[in-house]
Amino acid sequence: MRWHGNRYHEHWTFRRVKWPGMEEAEDYGQITGGKSSESQFKELKATGSIDYKGSTVPDEDDAVRVYYGFTDDAGESWEGPVVTGFLELGETDLDGSLVSGSADLSGMLTVAASTGPGYPLTLPAGTPTVDTAAGFLRALGLVVNAAPSSHRLSGAHTFERDEKWLGIANWLLSAADFGSATTDAWGAVQMQPYVEPTERTPSWTFRDDETSVFFPSVTVRDNRADTPNVVRLWYEDDNVGLYAEARNDDPRSAASTVTRRRERQLDDEVTELSGDTPEKMLEALKAAARKRLLDNSTRIDYVEVHGLFIPSRVGECGLLDYREAGVDRLGGITAKDVEFGLGGETTHTMRRLLRPDFKVTTAGEVVWRNDA
């Protein structure tokens, strides 16, 4: 399929999906457009909205599946799902026999995010974590595809009375080193071991040549403004008061005090500290300050790529090869926003983590001590 070039006979289809069971039913002719938003950092992963105008409002009790399709320059046709979820109607305008309005779209995980056991739930040691998480969500009617895992709880764990099934499932998945539960465009829940996207082969390349599917409008940003370059810690008990700091004064670092020419401080108080003498406790506090600085200094670069719709998936790896701008960036696709209109204009957000590699200087002192 040619994702670049002209697109002919573009069409959007909004189809009712019966709940539960997930069988497809009739198409909604009254839905006129909308948008979807997927993000690794959203609890529901998929959200969005639709607009409608016609003789009836769309059904809130069943789900809706959005399809996009077109024919390329070679005459090959493609159609595929973009998102599946439930609608929540807002205000409806009445004009004689016509109704119009908009509705929010929530991904299928909303089924698990809005309900829980209603009582403290204790899972015993030996509970298979991934199978149990999948079983909880399947019991709610969701379609679940879970990778095999032999992981079991090493000890009993109790979930609070107000915990929801999605939170319980994600806790179990995290215990097994899985990523949080996601959904695909069909609305099926996916449970997979976590793999850093940039450790995978790029699934999509955004290149400014004859195969380009992105517009010459790319947005870049990073978290440098939020990255501390000085960490200061304080510890105090009945016998001693200790102060320690760790500094990033490395001129090679973009966030350092040398590069930025000012401090951005992270200040905290430590309540637990190892060591049987004030001197040993001070060394432990200095080590804690150094670790805190390193842990908070991972640089995160974001790139937003605007272009035509492609059937990419959040969690995949993407490569931006923007030669005219001199940008060559590999990153995990953490978000995807799609407009249900001409070309299916899509914004991909890609993230790259740069682990800290700089010289850290530590200092500290025993501010006071009680040797009595």
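User: At what angle do helix 2 and helix 3 pack, and how far apart are their axes?

Analyst: Helices (H or I, at least four residues) and strands (E, at least two) are DSSP runs numbered from the N terminus. Axes are lines fitted to C-alpha atoms, for helices over the stretch in contact, and angles run from 0 to 180 degrees between N-to-C directions. In this predicted model, local features need pLDDT of at least 70 and side-chain atom pairs 80 or more, while totals for chains, interfaces and linings use all residues. Residues are numbered from 1 along each chain, and side-chain values use heavy atoms, without hydrogens and water. Here helix 2 (residues 129-138) and helix 3 (residues 165-175) pack at about 160°, their axes 8 Å apart. Helix 2 is therefore roughly antiparallel to helix 3, a term for angles over 145 degrees.

User: Which residues of helix 2 and helix 3 meet?

Analyst: Contact means heavy atoms within 4.5 Å. From helix 2, Thr129, Val130, Thr132, Ala133, Phe136 and Leu137 meet residues of helix 3, including Trp165, Ile168 and Leu172. This contact has 10 nonpolar, two polar and no charged residues.

User: How many residues line the largest pocket?

Analyst: A pocket is an open set of points on a 1 Å grid where a 1.4 Å probe fits, with protein on both sides within 12 Å along at least five of seven lines; lining residues have an atom within 4 Å of a point. The largest pocket has 36 lining residues, with Thr182, Arg313, Val314, Gly315 and Glu316 nearest its centre. Strand 6 gives the largest share of the lining, three residues.

Notes:
Parallel < 35°, antiparallel > 145°, perpendicular 65-115°, else oblique. Nonpolar A, V, L, I, M, F, W, Y, C, P; charged D, E, K, R; others polar.
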